[in-house]
There are 2 protein chains.
Amino acid sequence: MRMSRRPLSAVLALLASPVPLLLASPPAFSDAGMWTFHDFPRELVKGRYGADLSPAWLERVRTATARLSNCTASFVSPDGLMLTNHHCAQGCLDEHSSPEHNLLHSGFLARTRDEELKCGTQVADVLMGLEEVTAAVQAAIRGLDARSANDTRKKTLTQLEQTCEQQSRRGRYGPLKCESVDLYQGGQYWLYKYRRYQDVRLVFAPERDIAAFGGDPDNFQFPRWCLDMSVLRAYTGDGKPAATPAYLRIRPEGPQAGEVVFVSGHPGTTDRLLSVAELETLRNVGLPRWLLRAAELRGRYIEFGKTGAEASRIVEDPLNYLENAIKVRRKQLDALLDDRLLKAKRLEEEALRARVAADPQLAAAIGEPWSDIARAELREQELYLPYTFLEQGAGFNSHLFTYARTLLRAAAERTKPSTDRLREYRDTALSRLAQRTTAPVPVYPALEKLTLSFGLERMREWLGPDAPIVRALLTSDSPDTLAARLVDGSELADPALRRGLWDGGAARIDASHDPMIELARSVDGEARAVRKSYEDEVEAPVQAASEKIARARFSAYGTSLPPDATFTLRLNFGTVQGWKEDGREIEPFTRLARLFERATGEEPFRIPGSWLALRAQLDPQTPFNLSTSNDIVGGNSGSPLIDAQGRLVGLMFDGNIHSIAGSYWYDPQLNRAVAVDPAVMLEALRKVYKADGLLSELGLH
Amino acid sequence: MRMSRRPLSAVLALLASPVPLLLASPPAFSDAGMWTFHDFPRELVKGRYGADLSPAWLERVRTATARLSNCTASFVSPDGLMLTNHHCAQGCLDEHSSPEHNLLHSGFLARTRDEELKCGTQVADVLMGLEEVTAAVQAAIRGLDARSANDTRKKTLTQLEQTCEQQSRRGRYGPLKCESVDLYQGGQYWLYKYRRYQDVRLVFAPERDIAAFGGDPDNFQFPRWCLDMSVLRAYTGDGKPAATPAYLRIRPEGPQAGEVVFVSGHPGTTDRLLSVAELETLRNVGLPRWLLRAAELRGRYIEFGKTGAEASRIVEDPLNYLENAIKVRRKQLDALLDDRLLKAKRLEEEALRARVAADPQLAAAIGEPWSDIARAELREQELYLPYTFLEQGAGFNSHLFTYARTLLRAAAERTKPSTDRLREYRDTALSRLAQRTTAPVPVYPALEKLTLSFGLERMREWLGPDAPIVRALLTSDSPDTLAARLVDGSELADPALRRGLWDGGAARIDASHDPMIELARSVDGEARAVRKSYEDEVEAPVQAASEKIARARFSAYGTSLPPDATFTLRLNFGTVQGWKEDGREIEPFTRLARLFERATGEEPFRIPGSWLALRAQLDPQTPFNLSTSNDIVGGNSGSPLIDAQGRLVGLMFDGNIHSIAGSYWYDPQLNRAVAVDPAVMLEALRKVYKADGLLSELGLH
């Protein structure tokens, strides 16, 4: 496990993805694969499905796809209109809600552009160009030991990004954001160049009760009845709707069973190419411990939500997020506890090692990287607790603390050259970080106390009451009394104050006596120290060894296998199909009629009044959700499902329960992705929401 | 895993126990072993420690040890006075507490016998005799297939118990309770014959803050400072203090470092002789799923406790219990996830299989029992969810439901002959069951709603919202609304009403429209059906196969290995010693002075006012807690630590963190038991509690 590479907090829920179980079975036998646009297996798709995706098709789809901070979206009008999931816009709905107006419950429709609501922390990135920089990285680290290579690799990538951004100002698209991407666990390094829209606004969202009908019990289940859609719009820096000529047209009737379909989007993380030792750390340490903490927090959230209407409102978004993450991790753990999986992974690894051993020159060049990783994993297990609680912040679980640490560290890091900083504070990352840190999003003190007290209490449990840092924090306090004092005393909930501290830099920060900043300051030395140990003793040897394994894999299989998901743009193929569950056939489409039959009148099986009132007018045969064999995973939420002609025929929002094991392998018999059918979106927009302006902009009167 | 054999609900917290890691290493090299009194390795102990435990010593210690419903206790005066842990009496303290008088916080001391408080559900059993009945059981099931053998075995044991109790009325001790005991997983069957005291009263308990100083963070930790003691008294049926001439005298100064010491008590469950397939079910299914549910419930309890003083009071006992169980299961899972353990278990199993294969006659007689178990385990995994939620009651998590189901089933079962009933309703079990069901213990509606709603919600999550039983229960309800209606509508919180329903039998029950009884009735068919499947398809083949494995084991090793713990009386040996942790020496004694240094003033590191006021008068050098190498486990709580002269030199209350892996193996380097030193008990009774009468009865003026 590489914790630094698992930005789950940046990926909302979801699905799962595929790589052939055994390298011996070529991808041709399944729909596995989250392919890059630059190595898409065009011939394979043409041969199997008769669909020939031209370079023009690929370019149009690529530039019609946007990466949100947590999800994927696609442009569906020339004026920057984007279609994504309701759960991808939940933070934005929350931001504009109050005890009196709960947009999550009531839904939202902007009748004019002026009514569109700005999402304070959202962003939309469109991939305009790609450039491989593997050679430059390899040249920079050649001959260095693992630790120096790790530092140098980061500095080099920071430098490459910076140069790329500078050069883009003179390029044909104007200023772009350049981000380095590591494919194949160090096998390839790329620069991905994005056009960034930092002004994203909310246009439409249905009521939560229909968007997430079935709630957590139905999550990752199919058959399903969710109108998990929302509509956003990208704006340029000068407040004009973005011009997006390469948008997708919606095919109103949706796809047919058996039809070939494609998903373009940003799958977050898969671990299909990890070594067995890394998977074992996940199974034995990472997942069980995370699940224990998350399950308890779930219980705390639920009980807190019962203390009143406002508590229920403010806890809804974090609870949804958490429950989704719990289901993912729980099924990931199940997959790793299934001995067939680790046995297959061991066979894969042995096969690759045998190929290396059979090639003396290669063997001499790469040595024994699997053993290097196994050793580093032992060290990772030792560092796991302090790293998780101190540096990853599990011990200080609160938004206010995150603000405090970001402000403190940004002030310190900005006094150094960009290449010498902690990488998340490099120059090219600062404007986005400032946006996140100073956006006017609500902070709820009661919830802050809950999560902070929980973090402190578990830190005391896991590090032990006599650990010096625990002792120092809780000399004469309980987690509750300390959390209350910090939250009540801090003024960081005020966005203007945070903006002032951000702009004021080290001088303002040094002078601050805000108790949350004082806390961040008091633990920073120890947190940075454990991070340094982690980077030097875990990340560095694992990355060095992974680069060697990637070299062995390329030598054996070339790029006939796709890289693991990295929350960068991918394209995959599949067909509209159900599957067989315990001998029963699951049909690939659900229909509107059954929605009403399944309702109980109580959350989360409650249908909104707007739908109940119109029940008689809605066509009961309308296709609602559908399943496909596309290989997707969390981060693909909101991705367009596209037909061979490049039309939008669905909106991905989930996978079935088997799709979660897709983190480690793709099972063509069982792994299915789940989408909203265009037919139900249009039925709802027309009859329930009477969103004529929106329909008109979509070209669907 | 055999769920039916893991009565965790009957075993309060605790420790862990040992069997040699590999059968190849004879027990002589460690203090491993929870030995029966009838197969105690007297020569081994004499040879190693020079202590010769005479038959008289053994008999006296055996009859000075009592089994409580959840713990162990020992007689410490001739008038039935018993010493046990504070946490073993927590239910009794809770029963007598109110919002105004919280005995858990204030402590309790009866100045006269009239003031002693009856513990409504407590019981004290003293083992007066033992009789092996293996031959009778084997004769009864000879030639039967596994399923019939399983039924017949139970009937036979029921019959043997009944006959034993009838015969005991004419015996030298008068009426005894006879319970069958399965040792070595079906290798031996015994009747254990107890004198039962069904009237147990509370004499003394210190404040919870000193009894459980350090709370959950310190639980399973050492060094430690807990006065985890309470004093009870056994009464005869006619309300007189029990005559207990075979009591233990307290050695006031406690033991010395390095001294040989013995623990007599009732370890609850170990799984050291389980097959690898059973351990894998525990690792892959049983423990992870239990932990997920328990961690969430912990979070719910904690947050509920913050809603007010009364909520905090009523949730304290269940929360303590739960947190202890979580720590146990968490470390058990860690042990099973440690690949060295399963590797060692596989080697053990292979060695035994090889010995069987080398003996053609034995091989022909027992066949392939390991494969039979592996097959049954697959079936267990399929049945796990419905069995857990429906029959084990996880879906109906509430005291009221437990009352309802017990009353309903008792009424139905009592119409059948004793041998044909569900075994927990056999005649010999009824009086105890009636005591548990009708005792005047408080029921808290708010807590009932919390746990019941939680159970229903998780049942919906795990069985799925479309499972017929879930659908039927929650057609137009949420878990919250259903739980509220059931709890508010039920009258089963009234002990007199329960007594009436118990006595009234089927006629009264059939006429009842109590909603909780109606719920129990509506799910009983499905619950019994899944239980029958579980018994026929899991329990039966596993028990039949285990009997064969036991036969192989006896043939290879005789009884040189002790049986797994079964909450029956055991004796083990060890010495007072610390251990080495990460290269650091842990001393075996703690002293009173450090208690005050570690206090924070906030729970759970708060020292009671009674102690703070007397700090100057207490001897700072008083030994407080101590660690020994004795091999103990949950159920041993309250056990006496005994020196070679048979004097009480400590009160077991915990183990170190490594002791939890003792469920599966004993590590002589790390596994340590933890006791309260007599010195601190006497210092507290004398100076803090001024319990002169008690001291006088203990013979310590």
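**Sheet, helix pair and chain contact in a predicted model**

User: In this predicted model, what is the order of the strands in the open sheet of seven strands in chain B?

Analyst: The open sheet in chain B has seven strands with antiparallel pairing. Its twist averages 35° from one strand to the next. The order is β12-β11-β17-β18-β19-β16-β15.

User: Which strands of chain B stand at the edges, each with a single partner strand?

Analyst: A strand with a single partner has one side left without a neighbour in the sheet. In chain B the strands so placed at the edges are β12 (570–575) and β15 (589–591).

User: At about what angle do helices α14 and α20 of chain B pack?

Analyst: Helix α14 covers residues 399–413 and helix α20 residues 515–557, both in chain B. α14(B) passes α20(B) in a right-handed crossing. Their axes lie 8 Å apart, and the angle is about 60°.

User: How many nonpolar residues does the contact of α14(B) with α20(B) have?

Analyst: Residues of α14(B) including Leu400(B) and Phe401(B) meet residues of α20(B), among them Met516(B) and Ile517(B). By class, the contact has three charged residues and no polar ones. The count of nonpolar residues is nine.

User: Which helix gives the most to the side of chain A that touches chain B?

Analyst: The contact takes 34 residues from chain A and 34 from chain B. On the chain A side, α8, α9, α10 and α16 each supply at least two residues. With 13 residues, the helix that gives the most is α9(A).

Technical notes. Residues are numbered from 1 along each chain as its sequence is written. Chains are lettered from A and ligands numbered from 1 in the order in which they are written. This is a predicted model: local features need pLDDT of at least 70, side-chain atom pairs count only at pLDDT 80 or more; totals for chains, interfaces and linings use all residues. Two strands pair if DSSP finds at least two bridges between them. Helices (H or I, at least four residues) and strands (E, at least two) are DSSP runs, numbered from the N terminus. Axes are lines fitted to C-alpha atoms, for helices over the stretch in contact, and angles run from 0 to 180 degrees between N-to-C directions. Two residues are in contact if their C-beta atoms, placed from the backbone, lie within 7 Å. A crossing is left-handed if the near helix is turned anticlockwise from the far one by less than a right angle, and right-handed if clockwise. Ala, Val, Leu, Ile, Met, Phe, Trp, Tyr, Cys and Pro count as nonpolar, Asp, Glu, Lys and Arg as charged, and the others, Gly among them, as polar.
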